[in-house]
Structure formats: C-alpha cells, structure tokens
Amino acid sequence: MRTWTSRSRITFALITLAVFLPVPAGAQPPVYLAQWNLGIGFNGVATDAAGDVYVVDQYNSHLNKFTGTGSLLTQWGSLGSGDGEFEGPLGVATDAAGNVYVTDQINGVQKFSGTGTFLARWGSNGSGNGEFQFPLGVAVDAAGNVYVADTYNNRIQKFSSAGVYLTQWGTAGSGGGQFNSPAGVAVNGSGHVFVSDTGNNRIQKFTSSGGFLTQWGSSSADTSADGRLNGPNGLATNAAGDVYVADTGNQRIQKFTGTGSFLTRWGSLGSGNGEFNAPRNLATDPFGNVFVLDAQNQRIQKFGPGPTPATPTTWGHLKRLYR
C-alpha cells in the first residue's frame, strides 16, 4: 500500500488547486467567430448597444451599418461638404442614446441618428478651439461628452453632445500628457480617457478633464514581447474597464487592465482566420465580442469569449496520476 509523505500531500494539494482554480477570464484571448468582407479604404469601426456595427468607408464617403454578423443594414453619406456629406471620413463612435459621431478630414465632426438622419456638425480646419487638423479617433462617455483625437494638433478636444467646445489638453512631445500624432481614443465606465499616442508607441490615461494619470507601452517590433507597441492605433474598452489596443505595426491585438497591466494578445501577420494585415481599429460590444478592422485584408473579423479554460478533473483521474 502506498504511503503518502508530507511532501506528497503538499504536492497533491497544490496540483488540486491548480486544476480546480480557473485561469482569469480576462487573460484568455478571445476565439475567432466570423468575418465579413469590405472594400479598400475602410477606417473607423464602432458598435451600439444592440450590437450593430458601424464602419467608415473613407474612399466612398459612406458610413455602413451592419448587424453583428455582417449583414448590411443601411448606409449613408456621399462626397461633399454639406450636412450629412463626407470628405474623408475617418473615425466613428456611438453614444448611449444610439447617436453616431463621425470625424472627417474636411467636415469636422458630424452627428447622426442610428439610422443616418443628420443631427449636428461642428469644427473646421485649424488649430484654434474647436478646430481640427486630421481628427481621427472619437469616443463618447456616459454623459454624452465627445472626445476627439486631433491628430496633427497633438491634442485631445472635448465637446458636449451638441458640439459645444469644453476643453482640450496636449502638446507635441514625449512627456506625460504630451503626444506624437495621437490616433485612438476610448473612454471607460468611470469616465477615464485612454489615448493611443501612436508616434510615442504608448497608451496614456487621463481624467475626463485631461489630468494625466498614467502611461504604458514602449517601442518594439518584437511580436513576442508582451505589452510593447509598434504604431498603436484604435482603442476600445469593455464593461470591466479593460483596454484593447490595435497594435498595428505588430499585426496583433493586445488587451490590458485599465491601469496598464498586460492581460493577453492575439494575432499575427497573414490572411487566415485570426491573422491580420494592418489591424487599424477595433470595437467591443455589450456581449463581450471584439470587432477588428483588418484594413489591408479588407475585412472585419469578429472574436468572442472562449470556453472556460479550466475544467475540473475527477478525483479518480487525480488518484491515478499521483498514486
């Protein structure tokens, strides 16, 4: 008969804990679910509370609205400088009421209903308050405030939902609160603002009024290096406050906690399922799905929560392993 020593009992207890203690869900990369094709020249992507997906068609001056499975629901916009027209649309975001905000190289920011009815517009070319030079990323907080990554002015501007200028922050540079071509912006449920500081290869976190809180990331083209970034672009947050980053130059998506701790990553260069060629933007929906604009592959890829990583092993199986 086998006699259990103190050491073997401790080993057995530790292994039992490892088997029965699940890996944190946030550290698991999502699984590939589906994809749908786009044309060339698509840029921003956003979702709404129903899980519908909005994608900016920069080349055709359209905004396309899809179901979460890729069926086209509607589209709006045409080339021009009038209300509801686009001249180089770049970014898109939605608010809690289902309104849609689109940034445009020439036409500033435009606001629509979820079905495409024009509601408002603001901004023109320049460097003054409420003016833009290449407005790219856009995000909306729970109160309806709109944050715009004013890329070539190296700043973030904040507006009311009606377009009233509220504040701004940022200057050119590499210090805390400074930017080098900020591209993406996202807001979590606590009102914190995250900015992909593309030229500085980092993510910065701010209060809703622009107070600098923290930063993470550094430059690396090593695709095996967790938390290192190479030309980060689009950002998104989830209900838990985690931050997803389109690490464009490294052909992958990285996920962090709201304080910058690395959680997981997925993707590599290619055209297969779960592979990317210039993942430029991304969005999350209320159901835990992540939609990635895979720009050079001209498609949207959809990822979702994977299975629970730890399945309890039977006592009989453990007994056979350690008897």
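Which backbone nitrogen does the side chain of S220 reach at 3.0 Å? The third legend below gives the answer.

This is a predicted model, in which local features need pLDDT of at least 70 and side-chain atom pairs count only at pLDDT 80 or more, while totals for chains, interfaces and linings use all residues. Residues are numbered from 1 along each chain as its sequence is written, and side-chain values use heavy atoms, with hydrogens and water left out.

**View 1. The whole protein chain.**
The chain holds two helices and 26 strands. Both kinds of element are DSSP runs, numbered from the N terminus: helices are H or I with at least four residues, strands are E with at least two. Of the 323 residues, 51% are buried (under 20% relative accessible area; exposed is over 50%, partly exposed in between; 1.4 Å probe, protein chains only). The accessible surface is about 13800 Å², and carbon and sulfur atoms own 51% of that surface. Such areas come from the Shrake-Rupley method with a 1.4 Å probe; for residues, only the protein chains shown count as cover.

**View 2. An open sheet of four strands.**
The strand order is β1-β26-β25-β24, and the pairing is antiparallel. β1 (31–37) and β24 (279–284) are the edge strands; each has a single partner, so one side of each lacks a neighbour in the sheet. Neighbouring strands are turned by 20° against each other on average, direction ignored (axes are lines fitted to C-alpha atoms, for helices over the stretch in contact, and angles run from 0 to 180 degrees between N-to-C directions). Strands of a sheet pair through backbone hydrogen bonds. Two strands count as paired if DSSP finds at least two bridges between them. Five bridges join β24 to β25 (residues 290–294). Look for N281: its bridge partner in β25 is L293.

**View 3. S220 in its loop.**
S220 sits in the loop between β19 (212–216) and β20 (232–237). S220 is buried, because its relative accessible area is 11%. The S220 side chain reaches the backbone nitrogen of D222 at 3.0 Å. This is a polar contact (a pair of N or O atoms within 3.5 Å; within protein, one must be able to donate a hydrogen and the other to accept it, and residues adjacent in sequence count only if both atoms are side-chain atoms). Leaving out residues up to four places away in sequence, S220 touches A225, R228, L229, N230 and N250. Contact means heavy atoms within 4.5 Å.

**View 4. L72 in strand β5.**
L72 lies in β5 (residues 72–76). L72 is partly exposed, with a relative accessible area of 49%. Beyond residues up to four places away in sequence, L72 touches N64, K65 and F66. The C-alpha atoms of L72 and D52 are separated by 9.8 Å.
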